[in-house]
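Have a look at it first, then read on.

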Amino acid sequence: MKVAIINLGQIVTGNWREPFVSGDTIVIEGERIASVGSAPADAVSKADVAIDADGMTAIPGLIDSHVHVTFGDYTPRQRAVGYLESYLHGGTTTAISASEVHVPGRPRDVDGVKALAVAAQRCFEDYRPGGMRVIAGSVILEPGLKRADFDELKQKGVRLAKAGFGAVKSSYDYVPLVADAKAAGLITTCHTGGSSIPGSGAITGDHLLKMHPHVSFHINGGPTAMPDADFERVIKESKIALQVCTAGNLRTTLLCARLADTNGAFDRFIIATDTPTGSGIMPLGMLYTIAHLSSLTDLPPEHFICAATGSNAKVYGLDSGLLAPGKAADLVLIDAPDGGTQKTALAAIKHGDIAAIGAVVTAGVPRFVGRSRNTPATTRKARVASSRVTQDFAAAAH
């Protein structure tokens with residue numbers, strides 16, 4: 001399918017160092033972005049679907065890098081069905097597993113945790129709930145796992161490993177496990193802060209610096225934060241990605257953002273939700289954290305949009321998160337919410353309002369054009385200007 005999006009008011013690239021591109025058109029061919037900014041008239045006229053953005057802002061699809069998936073679009077933690085598809089209506093086009101730790105009766109032995117990770121990875125390999133891409137299968141680091149186990153998991157398609165929920169005597173016992181997982185090519189992540197669910201323990205800055213995982217999960221607290229002094233240590237003494245989450249501590253979220261900016265580490269600052277958890281299901285969690293950071297710090301909103309898109313993609317090695325030719329065609333049209341005081345999406349976010357969503361495209365397919373069922377209505381009205389496809393994209397939002 002060829003899709004053209006025209007009459008854009010602004011285009012946010014997903015790269016916080018160069019956050020904008022001039023122009024008003026994005027062309028998609030198949031599952032990839034063909035052009036961003038401008039396009040010849042025939043590229044638009046030959047599109048199977050043309051979407052008139054009516055001056056809205058285009059951003060890359062949001063990447064939530066901390067979602068507790070299990071199997072299918074169901075969370076036993078909150079006993080809810082369809083939550084991932086609902087997150088798509090909050091602009092999240094990719095969800096990354098934070099380990100399948102919420103599976104009832106989850107195994108704790110070596111063979112069991114390996115099987116759980118492989119099963120989850122296979123479950124979502126071709127399944128896209130609502131059109132969302134889900135990167136699942138994160139092996140829970142347990143004593144007894146060896147380098148050969150991680151090599152086997154990598155060969156079977158598992159990409160992730162998580163420290164923080166294993167039956168270790170001390171959090172320092174994760175150090176060799178993280179090292180072996182990294183050596184096998186897995187992306188390593190680590191619970192940070194106070195304990196959360198039974199089986200987890202407190203992990204502080206010193207633990208992180210000894211382990212040096214790729215990502216400090218919910219460094220702002222999950223939900224309880226580590227000591228303030230540890231933030232600057234982790235930022236200055238490591239290259240660990242600094243993931244802040246909606247379900248964590250807002251004060252330390254702001255602290256981490258300011259420290260990352262001051263210390264030249266904003267490339268490592270990424271946004272996620274840490275849901276579903278005891279804090280609930282948050283379809284608009286990414287939008288809320290972007291708005292909180294934008295309105296309560298001096299940094300511009302486009303930087304935090306990029307932290308939720310391109311920066312996440314860079315840390316996890318994804319082909320999405322950027323509005324650029326050749327990248328995965330995952331994007332969202334956002335706008336100032338109807339009835340608000342601001343005129344544009346970015347101004348509304350800086351004001352502290354969450355953005356309204358007018359359309360979501362994933363894998364080159366418009367999933368809905370019109371109004372998200374979860375956000376406020378948009379000020380402007382995106383519409384399908386022309387279509388050769390027998391599908392009512394506007395109706396998909398209802």
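I59, L62, L287, I290, I305, I334, I349 and A355 line the largest cavity, having an atom within 4 Å of one of its points. A cavity here is a set of points on a 1 Å grid over the protein atoms alone where a 1.4 Å probe fits but cannot get out. The volume of the largest cavity is about 40 Å³, taken as the space filled by probe spheres set on the points. The structure has 1 cavity of 30 Å³ or more. Its lining counts 8 nonpolar residues, with no polar and no charged ones.

Keep in mind that this is a predicted model, where local features need pLDDT of at least 70, side-chain atom pairs count only at pLDDT 80 or more, and totals for chains, interfaces and linings use all residues. Residues are numbered from 1 along each chain as its sequence is written, and side-chain values use heavy atoms, leaving out hydrogens and water.

## Two helices crossing

How do helix 7 and helix 8 cross, left-handed or right-handed? The crossing is right-handed, at roughly 30°, with the axes (lines fitted to C-alpha atoms over the stretch in contact) coming within 10 Å. Here is who takes part in the contact, meaning heavy atoms within 4.5 Å:

| Helix | Residues in the contact |
|---|---|
| helix 7 (228-237) | D228, F231, E232, I235 |
| helix 8 (250-262) | R251, T252, L255, C256, L259, A260 |

By class, that contact of helix 7 with helix 8 has 6 nonpolar, 1 polar and 3 charged residues.

Notes
On a 1 Å grid over the protein atoms alone, a cavity is a set of points where a 1.4 Å probe fits but cannot get out, and a pocket is an open set with protein on both sides within 12 Å along at least five of seven lines; lining residues have an atom within 4 Å of a point. Ala, Val, Leu, Ile, Met, Phe, Trp, Tyr, Cys and Pro count as nonpolar, Asp, Glu, Lys and Arg as charged, and the others, Gly among them, as polar. Axes are lines fitted to C-alpha atoms, for helices over the stretch in contact, and angles run from 0 to 180 degrees between N-to-C directions. Helices (H or I, at least four residues) and strands (E, at least two) are DSSP runs, numbered from the N terminus. A crossing is left-handed if the near helix is turned anticlockwise from the far one by less than a right angle, and right-handed if clockwise.
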